[in-house]
2 protein chains.
Amino acid sequence: VSGIVYLVGAGPGDPKLITVRGAEVLALADVVVYDRLAAPELLDLAPATAERVYVGKEPGRAAVPQEDIEALLVERGLAGDVVVRLKGGDPFVFGRGGEEALACSRAGIPFEVVPGVSAAVAAPAAAGIPVTHRGLARSFAVVTASGAHGDGVDLAAVAAATDTLVLLMAAGKLEQTCRALIDAGRPADEPAAIVQWATTPDQRQVTGTLADLPALALAASIGPPAALVVGPVAALAYELAAARASELTKAACIPNS
Amino acid sequence: VSGIVYLVGAGPGDPKLITVRGAEVLALADVVVYDRLAAPELLDLAPATAERVYVGKEPGRAAVPQEDIEALLVERGLAGDVVVRLKGGDPFVFGRGGEEALACSRAGIPFEVVPGVSAAVAAPAAAGIPVTHRGLARSFAVVTASGAHGDGVDLAAVAAATDTLVLLMAAGKLEQTCRALIDAGRPADEPAAIVQWATTPDQRQVTGTLADLPALALAASIGPPAALVVGPVAALAYELAAARASELTKAACIPNS
């Protein structure tokens, strides 16, 4: 068996935010297994002859079950293929990459994890918000909105413990989340921002407070995929996002919508 | 003025873990401003004619003051240079990149933040530890050891709130940190790991429990730079790090020391 599975972080959206190592192993792929969040341009980095297998959710259809994805990686690895499993963000940040790595490990298939830029940090940054900042934030925590509402995360405790909170997949439960954070003791006038399609040409963001962000986001029709960032650092978005609107480069010309 | 400042995340150590965009802007640099954590090989991506300015701490000498670094970026930007400020990890994760971005903004200098792979996620990953994992961790928090001991972070609250804790710059206060986490209610037998020089050829890691990790790390002479990861996910290191020791690739052949 000479197969290998690379679990590759595709980064937050902009295809240029994949790592050099990620691009390198894509160029070696016999098969690329990918889902919705990967930038389509990244598939062009694989050889023309490489097989591309989409395992994301199609509109109106069920998602490919996680165990089927793992079985596919194992099967192709055992067949001797160079398999690239391309995952949005970082494979180990809410990406189920750990499960895929374990599946490879248990099947005796060599694998390598190629980390990626996570939206947990890059989505706030793309809106002009550093998750840490001297005098404003010495700690940050990352959860998902689904985790924070009934799936094992004590959002009130997280809210009380850390300066900056990042909630991924936050668009669907934004009102519920902001309300829960205020109930947990975060000030209603605390700065907050939501960023949709961060680092892509479709990026849009709304900045406000915990109290008014849900209405502002609704008015702006912010939908998934979106990250919510809450904390004093979110106030920096006004100054930093404005400065970035210089149109000198693609990444610097994102309008502050 | 046609100058611009790029604040570029160099990634966690392996030079191939810079982003494609980061490598691209390095190739445009008139001047590269860098410090200790950047991989030396990254400087080779800048043109041979580019000026390289080291602003890190030299042994036995004081570090370059942050305000001097910001003044340098502004001065060179105003002079019309393409300035690349290369920072370890991600510029906005304990990197003071926010302050440098504000300095550019206030001076009217265009800038772009190019995010990087943070050691907060990549150092655990390099030891075979996903910071999130189904059934084990739905949340993670990131602090520095100095922040957690007298500098504004309520480590006990963070410990109580999140499943996985990552402490950066953790080597110097490891015993104090593990003790504080046990005092905060984390189980003494909770899995924990410390990873030094993650993703570089010099990477070394020790895995144990909150109770025995300080002694194990001392015996193994683990020093800075190192990240500590605490939580049930750390137990996955045994299976995942062993599987990665396949020697098929550089990143896959790190011994589990």
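1. Start with strand E2 of chain B, residues 31-34. Four bridges tie E2(B) to E3(B), and the two strands run parallel. Two strands pair if DSSP finds at least two bridges between them. Tyr34(B) has Tyr54(B) of E3(B) opposite.

2. A word on conventions. This is a predicted model, in which local features need pLDDT of at least 70 and side-chain atom pairs count only at pLDDT 80 or more, while totals for chains, interfaces and linings use all residues. Residues are numbered from 1 along each chain as its sequence is written, chains are lettered from A and ligands numbered from 1 in the order in which they are written, and side-chain values use heavy atoms, with hydrogens and water left out.

3. Now the whole sheet of chain B. Five strands form an open sheet with parallel pairing, in the order E3-E2-E4-E1-E5. Strand E3 (51-54) and strand E5 (111-114) of chain B are at the edges; each has a single partner strand, so one side of each lacks a neighbour in the sheet. Neighbouring strands are turned by 15 degrees against each other on average, direction ignored. Angles run from 0 to 180 degrees between N-to-C directions; axes are lines fitted to C-alpha atoms, for helices over the stretch in contact.

4. Two helices pack on this sheet. Helix H3 (residues 66-78) of chain B touches strand E1 (4-9), E2, E3 and strand E4 (82-87) of chain B, and its direction makes about 155 degrees with that of E4(B). Helix H4 (residues 97-107) of chain B touches E1, E4 and E5 of chain B, at about 170 degrees to the direction of E1(B). Contact means heavy atoms within 4.5 Å.

5. How do H3(B) and H4(B) meet? Their axes come within 9 Å and cross at roughly 40 degrees. The two helices are therefore oblique to each other. Angles under 35 degrees count as roughly parallel, over 145 as roughly antiparallel, 65 to 115 as roughly perpendicular and the rest as oblique. Contacting residues include Leu73(B) of H3(B) and Ala103(B) of H4(B).

6. Helix H5 (residues 119-126) of chain B is mostly covered, with seven of its eight residues buried. Buried means under 20% relative accessible area, exposed over 50%, and partly exposed in between (1.4 Å probe, protein chains only). Among the buried residues are Val121(B) and Pro124(B). Ser118(B) caps the N-terminal end of H5(B), with a side-chain oxygen 3.0 Å from the backbone nitrogen of Ala120(B). After H5(B) comes Gly128(B), with a positive phi near 85 degrees.

7. Turn to chain A. Its open sheet has five strands in the order E3-E2-E4-E1-E5, with parallel pairing. Four bridges join strand E1 (residues 4-9) of chain A to E5(A). One residue pair is Val5(A) with its bridge partner Phe111(A) in E5(A).

8. Last, look at Asp81(A). This residue sits in the loop between helix H3 (66-78) and strand E4 (82-87) of chain A. Is Asp81(A) buried or exposed? Asp81(A) is buried, with a relative accessible area of 16%. Its side chain makes a polar contact of 2.7 Å with that of Arg76(A). A polar contact is a pair of N or O atoms within 3.5 Å; within protein, one must be able to donate a hydrogen and the other to accept it, and residues adjacent in sequence count only if both atoms are side-chain atoms.
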